[in-house]
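Thanks, everyone. Have the structure open while I talk.

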Amino acid sequence: MLNWLRTNVYAAGLALILRLYLGYAWLTGGWGKITGGFDATGFLKNATAKPVMDKATNELVYPTFTAFIENFALPNAKIINFAIPFGEFLVGLGLILGALTTTAVFFGLLMNFMFMFAGTVSTNPWMILLGVVVLAAGANAGKFGADYYILPYLRKMLHFRNHDKDAPTIGGGKTHAHF
């Protein structure tokens, strides 16, 4: 199944549909925050005031995430207020264009999980499910998009940098210097 998802042209078409749906959701969510004066401070304070708790033991389910919010996110709310809307917008743009698709969907999944760790369910489980399918499709998910052109170029550039035998070496050793 995984091989089909990563190589089949029909799977690329399915991934395109999922990509467009997810991309639209991320793009519009991010744009709404960019143009609407987004401030995550209230959400972050609520996530620490009412963290996800185990009902049987009354203990924190995600203590490290709660500590992250208390010790990093809240003191740096200005960074968070910039990163979330622009991150959502860029994830959506990458998915819609099919540009660096696996990177875009990875960061989208990361944000979905962080929202869930903070106690927000909303559409996150649905977006995670669809995002995992797109991520599993790998490069095939961007076959009908900008990745068709970007990925071969990146592979060529990385292959050139890793196998450049004529590059000068540092100290006569095996390490190649790239200037």
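Helix α7 covers residues 124-137 in this predicted model.

Now, which residues of α7 are buried? The list is Asn124, Met127, Ile128, Leu130, Gly131, Val134, Ala136 and Ala137. Their cover includes α1 (2-7), α2 (9-35) and α6 (101-117). After α7 comes Gly138. The phi of Gly138 is positive, near 60 degrees.

Next, the core. Nonpolar side chains tend to be buried together in soluble globular proteins. Here, the largest nonpolar core has 27 residues. Leu22, Trp26, Leu44, Ile69, Ile80, Leu95 and Val134 have the most contacts inside it. At least two residues of this core come from each of α2, α3 (41-49), α4, α5 (77-97), α6 and α7.

What does Trp26 touch, leaving aside neighbours within four places in sequence? Its contacts are Glu88, Phe89, Val91, Gly92, Leu95, Gly108, Met111, Asn112, Phe115 and Met127. Two names there have come up already.

A nonpolar surface patch of about 830 Å² is made by Phe68, Phe72, Ile79, Phe106, Phe107, Leu110, Phe113, Met114, Phe117 and Leu135. α4 (63-73) and α6 are the elements that give two or more residues to the patch. Which element gives the most? That is α6, with 6 residues.

Look at Phe117 for a moment. Phe117 sits in helix α6. Is Phe117 buried, partly exposed or exposed? Its relative accessibility is 30%, so Phe117 counts as partly exposed.

Last, the whole chain. The protein chain has 8 helices and 0 strands. Of its 179 residues, 33% count as buried. Take contacts with a separation of 6 or more: residues 24 or more positions apart account for 68% of them. The accessible surface of the protein chain comes to about 11200 Å². Carbon and sulfur atoms hold 67% of that surface.

Key. Residues are numbered from 1 along each chain as its sequence is written. This is a predicted model: local features need pLDDT of at least 70, side-chain atom pairs count only at pLDDT 80 or more; totals for chains, interfaces and linings use all residues. Side-chain values use heavy atoms; hydrogens and water are left out. Helices (H or I, at least four residues) and strands (E, at least two) are DSSP runs, numbered from the N terminus. The expected span of a helix is 1.5 Å times one less than its number of residues. Buried means under 20% relative accessible area, exposed over 50%, partly exposed in between (1.4 Å probe, protein chains only). Contact means heavy atoms within 4.5 Å. Patches are made of residues with over 30% relative accessible area and no salt bridge: like charges are joined within 9 Å, nonpolar side chains (Val, Leu, Ile, Met, Phe, Trp, Tyr) within 5 Å. Accessible areas come from the Shrake-Rupley method with a 1.4 Å probe; for residues, only the protein chains shown count as cover. A salt bridge is a side-chain nitrogen of Lys or Arg within 4 Å of a carboxyl oxygen of Asp or Glu. A nonpolar core is a set of buried Ala, Val, Leu, Ile, Met, Phe, Trp, Tyr and Cys residues joined through side-chain atoms within 4.5 Å.
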